[in-house]
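Have the viewer open while you read.

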Amino acid sequence: MRTHYSEDINPELDGKTVEVYGWVHEKRDLGRLKFLIIRDREGFIQITAKKGITDENILKKIDKLTRESVIMIKGIVIGNPKAPRGVEINPEAIDIINRADSPLPLDVTKKVCADIDTRLNNRFMDLRKPEISAIFRIRNKIINAGRRYLLKEGFIEINSPKIIASASEGGTDLFPISYFDKEAFLAQSPQLYKQMMMAAGFDRVYETTTYFRAEEHDTRRHLNEVSAFDVEIAFIRDEEDVMKILENLTTKMMEAAASCEKELKLLNKDIKIPEVPFERITYDECIELLKKYGKKIEWGEDIDTEGEKILGNIMRDRFDTEIYFIKRYPLNTKPFYTMPYDDKYSRAFDLGYKGVEISSGSQRIHKHKLLLERIKFHNLNPENFEFYLKCFRYGMPPHGGFGLGIDRIMMQLLDLSIREVVLFPRDRHRLTP
């Protein structure tokens with residue numbers, strides 16, 4: 001006899017004694033028959049107790065059980081075609097490990113629906129729902145697939161500081177913190193440190209990182225604490241070398257999600273794997289396409305949320321693709337470290353998926369003089385970046401990189417809001433749980 005997950009118990013164990021641990025998902029009393037549905041990490045198992053066969057003390061314990069109580073069941077496996085997966089357990093012993101209070105703050109069986117705030121306020125219980133648990137199993141799979149791909153391609157994983165002295169990318173969207181007798185900030189990106197690793201000779205690095213952005217958004221796709229793969233590559237020819245790594249990484253992550261058949265069935269989702277290379281269009285082409293569909297974007301402006309959504313529909317209908325690169329952005333709209341293509345355009349790119357940006361990147365400037373000029377152009381103080389600028393004076397190779405939002409790719413894969421694909425989301429209103 002050994003402890004089993006519910007999915008381990010099958011008709012081949014008929015007549016065997018097993019132990020299972022889990023939560024009381026449902027309870028039914030039909031007089032002479034009492035049914036318990038026990039839920040664990042892997043699914044459900046039915047417990048069937050019968051008057052005249054099951055010990056009277058066990059029947060009394062079942063009567064006292066509340067839904068979501070944690071219990072241990074020891075019993076004999078019995079084949080039953082009508083039970084989940086064709087088996088049930090006839091209990092010989094029940095241990096009530098922890099009795100749940102009643103009423104519950106959230107109905108795990110989904111017989112009573114709850115809004116997103118109620119769910120997030122009781123996230124520990126929301127995560128007990130199999131379809132919610134499935135989201136984070138898929139998330140685990142795609143992160144591990146991303147790591148495997150990057151390691152196979154020779155990347156070294158790093159960990160950059162999350163407490164910094166100045167903005168990584170300029171701007172003011174930073175969370176200030178008290179750092180002894182100084183002001184510091186939560187890192188909005190590992191950008192500068194990734195680039196410094198290129199000067200250190202590491203060539204290819206990545207980080208499974210957290211961004212902190214003090215932006216007062218209130219949308220289905222923005223949070224103030226987000227997760228991403230952040231990647232940097234040295235000795236590139238141009239941004240296309242970076243884009244090839246990104247499209248392969250994205251494809252591997254999507255393939256991993258598509259392999260989660262059990263979880264996708266729970267979520268009633270199918271995942272379409274894109275072909276490589278992804279479609280590429282320029283910013284100017286993008287502006288013209290949107291104009292034809294009645295959406296006017298002034299040259300040099302960002303493509304707003306509405307524009308991104310329209311573009312996603314255009315790419316799906318006209319180019320038969322859900323995922324696509326936008327490149328050749330106006331130079332002056334991009335961060336100071338972005339390599340110019342010419343006086344007007346940059347070597348920056350974004351990756352769009354179903355009408356939402358999931359990644360952005362570029363070839364970076366590797367010449368000290370040009371980098372200093374671009375910092376000044378953006379009205380930033382070079383003294384604040386001295387620790388970073390120093391490495392460009394002593395041999396910096398050509399390089400580039402990107403950040404790929406894990407939360408963003410999850411929300412687009414599963415067509416959910418970003419709050420649903422993050423365990424404990426942080427936005428302008430939510431700091432707990």
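Start with Ile 164, which sits opposite Phe 185 in strand 10. This is a predicted model, so local features need pLDDT of at least 70 and side-chain atom pairs count only at pLDDT 80 or more, while totals for chains, interfaces and linings use all residues. Residues are numbered from 1 along each chain as its sequence is written, and side-chain values use heavy atoms, with hydrogens and water left out.

Strand 8 and strand 10 (residues 182–186) pair antiparallel over two bridges. Pairing here means that DSSP finds at least two bridges between two strands; strands are DSSP runs of E with at least two residues, helices are runs of H or I with at least four, and both are numbered from the N terminus. The whole thing is an open, antiparallel sheet of three strands, ordered 8-10-9. Strand 8 (163–164) and strand 9 (176–179) are the edges: each has a single partner strand, so one side of each has no neighbour in the sheet.

## Arg 137 and its partners

On to the charges: the structure holds 42 salt bridges, each one a side-chain nitrogen of Lys or Arg within 4 Å of a carboxyl oxygen of Asp or Glu. In one of them, Arg 137 meets Glu 42 at 3.6 Å, N to O. Arg 137 belongs to helix 4 (residues 130–152) and Glu 42 to the loop between strand 3 (33–40) and strand 4 (43–50), so the contact ties together parts 95 residues apart in sequence.

Arg 137 also forms a salt bridge with Glu 263, at 3.9 Å, N to O. That one links helix 4 to helix 7 (residues 261–267), where Glu 263 lies, across 126 residues. How accessible are these side chains' residues? Cut-offs for relative accessible area are under 20% for buried, over 50% for exposed and partly exposed in between (1.4 Å probe, protein chains only). Arg 137 is partly exposed at 22%, whereas Glu 42 is buried at 11% and Glu 263 is buried at 10%. Zoom out and you get a salt-bridge network linking Glu 7, Arg 41, Glu 42, Arg 137, Lys 262 and Glu 263.

Asp 117 and Arg 430 make another salt bridge, with their closest N and O atoms 3.3 Å apart. Asp 117 is in helix 2 (residues 116–121) and Arg 430 in the segment after helix 12 (406–414), 313 residues apart. Asp 117 is partly exposed at 46% relative accessibility, while Arg 430 is buried at 11%.
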